[in-house]
Structures are given as structure tokens and as C-alpha cells.
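Please look at the sequence and the coordinates before reading on.

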Amino acid sequence: MQAPAISGDIAPGTHAYAPTVRPGEDAGTAGDRSSARWASERGLAILARLRSSTAPAHEQVESRLFPSALEDLASYRRMLAVLLALHEPLEQHFANEAGFVGLGIDVAERRKTVGLRDDLARLETLLGNAAPPLPPAGEPAASTSPASLPAALGAFYVLEGSTLGGRFLLPQVRDRLGDVPTSFLVGYGDRTGRLWKQTRTALVRGVSEAPHPASAEHALLTGAGATFARLDALLDAADWPAA
Ligand code: HEM
């Protein structure tokens, strides 16, 4: 599925996060510059591994939801209800995870449940008596909480990535369903690219500045995989057809 590219890449050579200064090198030396490039390339490699490790799960969710979620107002509402069940406990967890602040992420700014609730309430009004029952709500936060900061960052990656898909889905929804509530899909609007770039920088820092970067990367990938798996399980619980 191709969508307009979101410019969120960390360009090689930029200071995506604090470069390692090796012994004997002062900031500003050629050694430091090559160290920064090395760090930046390592960051891009982490992001590439994250993307490729979750690509099959993304493909699965995408083909499960598109275009079936846009069939009518009721299916669109059902998709938003499933996404609310995914986001709600994780957003609560992020709000209690102090590590996000240290990585430059303002989790309040990233909250999507407000828009999801707003869309759901307005769709219910639009559908009136024709509004079918919604799928069961998600499990309480405690049972879905990521076990560490890198695992939480993996979940954060999945939820933030969905804003990119939202940009693709927005015109599709308008074409197929007309003037319907789209707060969730509009998401960050014009700020999408900037916030995505900030997210990617935070993911890389969360891994590379961890005491054990290799295990932090493993937790990042596991956290992202678990979040896609949870979305799949929520779709199953909502009797959503398989891909
Ligand atoms: C409903 C169907 C969906 C479609 C059509 C879709 C489409 C897309 C597209 C086109 C991109 C790439 C944007 C770009 O590179 O500029 C993307 C990225 C992404 N989407 Fe989706 N998406 C969908 C649903 C979701 C959902 C529900 C989630 C998670 C809850 C999700 C998570 C992600 C992630 C994590 C990325 C970032 C991948 C990366 O570059 O590392 N998507 N999506």
C-alpha cells in the first residue's frame, strides 16, 4: 500500500541523538563527526529492523481492515471501537512511564483516545437506532502493560505509525462514506511528519542510550510485535473477518 511519503527519516549525518565521543576525541573533531555518522547509521539500522520485523503483522492488519472497515458507517465505527480498545490501556501506561519525558516525548500531545471517543459518539448519533452493539472493551491496563521502557516504545511505535495509515485512509473514508467524523484519522494533521520524526528519534535514543542496547532493541521489537498481535486479537474478539 503506497501513501504519500511522510518525511520522518533521520538523515544520515544528523545528530539524531547524542553521539558517542570516544576517548581522546573532543566534540567537533573529525573523529566526532565520523562517530556521529556511525551513530546515525546505527539508528537507521534499528528503525529498519523494527519496520521489517513488524511488516508481516502490518500487512495482515492492513488487509484485514482495508477496505472492509470502510464498507459502511457501522463497520467504520466498529474499527474505531477496536482501535479505542487498543489505545486506551496503552495510553494510560505511557502517561505513567517517566522515560518518555526524558526522550522528548510529550505523551499528552500524542493522546488519540479523545478523538476516538469523539468520533464514536458522533457516529452513534448519526446511526441512531441503527447503531449495532460495539465489540467488547479491551482488558484493563495492568494486563497489557509493556514490561520496560523499550517495550513501551515498541507499543508507542505501533500506535504512532497508525497515524501514517490514517493519512492514507482519510480521503478513502471521505470518498466512500462522505462527511463522517474523522478526528482519529486526521490525527496530527500537518504535524504528522514532524511528530513522526520525533518518534523515530526517541525510539533510537531509547535503545542506544539503554544500559544494554542489544536487549533494549530486542524488547523494542517484542513490544511492537505484541501490540500488533493484540490488535489482531481485538479484531478476532470483534468477530472481524480474517484477512
Ligand atoms: C487500516 C488500514 C491501514 C492502512 C491502509 C495503513 C497504511 C500505512 C501506510 C501507507 C504506511 C506508510 C506511510 C509512509 O511510509 O509514509 C503505514 C505505516 C505504518 N502503519 Fe499503517 N496502515 C493501516 C493500519 C494501521 C494500523 C491499525 C496500525 C497500528 C495500530 C498501523 C501501524 C503502522 C506503523 C507502525 C507504520 C510505520 C512503519 C514504518 O515506517 O516503520 N497501520 N501504514
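Q: How far does helix 4 reach from its first C-alpha to its last?
A: The model is a predicted one. Helix 4 has 15 residues, and at 1.5 Å a residue the expected span is 21 Å. The reach in the model is close to that expectation, at 21 Å.

Q: Within what arc do the buried residues of helix 4 fall, seen down its axis?
A: The buried residues of helix 4 are Gly115, Leu116, Asp119, Leu120 and Leu123. Seen down the helix axis, they line one face, because they fall within an arc of 130°.

Q: Which helices do the buried residues of helix 4 pack against?
A: On the other side of helix 4, Val114, Ala121, Glu124 and Thr125 are exposed. The buried residues of helix 4 pack against helix 2 and helix 6.

Q: Is Glu62 buried, partly exposed or exposed?
A: Glu62 is in helix 1. A residue is buried at 20 or more C-beta neighbours within 10 Å and exposed at 12 or fewer. Glu62 has 14 such neighbours inside 10 Å, so Glu62 counts as partly exposed.

Terms used
Residues are numbered from 1 along each chain as its sequence is written. This is a predicted model: local features need pLDDT of at least 70, side-chain atom pairs count only at pLDDT 80 or more; totals for chains, interfaces and linings use all residues. Helices (H or I, at least four residues) and strands (E, at least two) are DSSP runs, numbered from the N terminus. The expected span of a helix is 1.5 Å times one less than its number of residues. The arc is that of the directions from the helix axis to the C-beta atoms. Two residues are in contact if their C-beta atoms, placed from the backbone, lie within 7 Å.
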